[in-house]
Amino acid sequence: MKNIVLFGAPGAGKGTQAELLKDKYKLIHISTGEVFRHNIKELTELGKLAKTYIDKTQLVPDEVTIKMLIAEVEKYPEANGFIFDGFPRTKSQAESLDKFLKERDHEINAMIVLEVPENILIKRILSRGLTSGRTNDQSEEKIKIRLQNYYDNTDILKDFYQKQNKYHGINGVGTVEEIKERIQQIVEKF
Ligand code: AP5
Ligand code: MG
């Protein structure tokens, strides 16, 4: 089983690359952001709750997010493995994911970090905002708050996986195809 944490700041290309990887390695792609957006669209209780945080550019509380992630994973008992995109985002989420996988004799095999400078992240998100319908993509101010949130709460998880020898940082600037190749070189090793 291959379980990958695809990591990086907002706009780093996690969703784009996860879609390519999942086909190549027959993995299930779980984007917590996408699950929240789906629930917001369907007006579920989870969606209504998540919206209050996402609209304020805040993280959804750990308890809610962890419960949702576990429910998503449990939908696929026969999976070859998972690509976690946008999760974990806090130490508590990372610890819960490790515990959950360990209880099932699985683990995270690699954390792959897409490293992209801030000015490029902002450009990419603003350009996505022209068509994504994601209001948080349309204002540079909101994007900067999301990035700050990433540097304050999430970036520290690199240490968490580094201590387990699972950290792999790659240059996330280049064509989608070039970045895909860089990721594959890592995935092929385990
Ligand atoms: P989420 O949906 O995860 O948003 P994000 O982390 O802000 O990341 P993005 O989806 O914006 O970027 P991405 O890395 O997927 O990049 P993409 O491939 O789209 O989360 C949304 C919100 O939900 C959070 O802010 C939070 O409130 C909440 N949430 C989610 N998970 C949570 C959690 N675990 N805990 C608590 N709260 C949570 O690429 C970006 C753009 O660039 C695209 O337009 C793409 O086409 C383009 N692009 C991609 N690659 C390239 C390239 N190589 N060259 C040029 N352009 C490129
Ligand atoms: Mg995404």
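In this predicted model, strand β1, which covers residues 2-7, pairs with β4 in the parallel sense, and four bridges hold the pairing. Within this arrangement V5 stands opposite M111 of β4. Strand β4, made of residues 110-115, also runs parallel to strand β5, residues 167-171, and five bridges join the two; here E115 stands opposite N171 in β5. Strand β4 is mostly covered, since five of its six residues are buried.

An oxygen atom of ligand 1 lies 2.9 Å from a polar backbone atom of G15, while a nitrogen atom of ligand 1 lies 2.8 Å from a polar backbone atom of G86. The side chain of R128 has an N or O atom 2.6 Å from an oxygen atom of ligand 1. Taken alone, ligand 1 exposes 1000 Å², and the protein buries 85% of that.

R128 also leads us to D137, for the side chains of these two residues are joined by a polar contact of 2.9 Å. D137 is found in the loop between α6 (118-132) and α7 (140-154). D137 counts as buried because its relative accessible area is 0%, whereas the cut-off for that word is under 20%. Among the residues that D137 touches, leaving aside those up to four places away in sequence, are I125, L126, G129, I143 and R146.

Technical notes
Residues numbered from 1 in each chain as written. Chains lettered and ligands numbered in written order. Predicted model: local features only at pLDDT ≥ 70, side-chain atom pairs only at ≥ 80, totals over all residues. Heavy atoms only, no water. Buried < 20%, exposed > 50% of the residue type's maximum accessible area, 1.4 Å probe, protein only. Polar contact = N/O pair within 3.5 Å; in protein donor to acceptor, adjacent residues only side chain to side chain. Contact = heavy atoms within 4.5 Å. Pairing = 2+ DSSP bridges. Areas by Shrake-Rupley, 256 points an atom, 1.4 Å probe, with all protein chains shown as cover.
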